[in-house]
Amino acid sequence: MSKLTKNQKSVADKVEAGKVYTLKEASELVKEITTTKFEASLDIDVRLGVDPRKANQMVRGVVTLPNGTGKTTRVLVLCTPDQESAAKEAGADYVGLDEYIAKINGGWTDVDVIITMPSCMGKVGPLGRVLGPRGLMPNPKSGTVTMDVAKAVKDVKSGKIDFKVDKAGIIHTSIGKVNFTPEQIYQNAKEFIATVIKLKPAAAKGTYIKSIFISSTMSKGIKIDPKSVE
């Protein structure tokens with residue numbers, strides 16, 4: 001077992017074993033227990049009482065975080081020539097079609113989000129084998145296949161993220177940076193959890209939100225009482 005650093009020792013006892021915190025408490029505590037020298041990300045894990053293997057219990061959605069993500073999101077827009085100017089003006093980092101499809105086929109995936117148009121899906125679809133495993137494949141449900149590419153770019157740049165439950169029934173995503181204020185962390189986490197609650201499948205039985213944990217990069221996870229969010 002690796003030894004704790006001096007900083008890790010100083011915060012080791014701040015998270016009480018077995019204690020469940022309110023979202024407000026956790027939003028303050030997660031800053032106190034972060035010891036990284038770099039600007040750590042804030043992560044949230046929500047375990048759901050669903051069976052992701054069943055289509056009618058799949059949970060997937062999008063949410064715009066009130067205070068953004070705290071990071072620069074690199075956006076590629078694959079569109080027709082008549083939409084290129086609008087995409088660039090909206091803040092897209094890369095805009096084009098055939099040349100970027102060729103680059104992706106060559107292994108280039110140095111972006112965070114890819115947005116495209118329905119009319120371009122014939123060319124974009126075959127990229128699924130490259131983009132799918134990286135979570136970059138455009139999808140109408142996440143708003144990344146749309147006629148209004150400019151609006152989609154603005155939404156992503158302002159803090160819109162998409163998420164889905166994994167095979168283990170857990171949704172894991174980043175909701176900001178540790179340099180956010182406790183109130184900003186609270187607002188982002190609350191908005192995210194509220195969105196997940198709204199997406200409860202009708203077929204899901206029993207307890208829907210089984211557990212919620214918030215943490216920063218390399219920190220302990222803080223267990224949150226779901227009732228403190230509702």
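Which residue lies over the face of Trp108, and at what distance from the ring centre?

Guide: Lys103 lies over the face of Trp108, at 4.2 Å from the ring centre. A charge is said to sit over a ring if NZ of Lys or CZ of Arg is within 6 Å of the ring centre and within 35 degrees of the ring normal. This is a predicted model, in which local features need pLDDT of at least 70, side-chain atom pairs count only at pLDDT 80 or more, and totals for chains, interfaces and linings use all residues. Residues are numbered from 1 along each chain as its sequence is written, and side-chain values use heavy atoms, leaving out hydrogens and water.

Trp108 also belongs to a cluster, in which ring pairs link Tyr94, Tyr100 and Trp108. Rings of Phe, Tyr and Trp (its six-membered ring) pair if their centres lie within 6.5 Å; planes under 30 degrees apart count as stacked, over 60 as edge-to-face and the rest as tilted. By this rule there are 4 aromatic pairs. In one of them, the rings of Tyr94 and Trp108 have centres 5.3 Å apart and planes at 85°, so this pair is edge-to-face. The rings of Tyr100 and Trp108 have centres 5.7 Å apart and planes at 40°, so that pair is tilted.

Trp108 is buried at 18%, and Tyr100 is buried at 13%, whereas Tyr94 is partly exposed at 25%.

Methods
Buried < 20%, exposed > 50% of the residue type's maximum accessible area, 1.4 Å probe, protein only.
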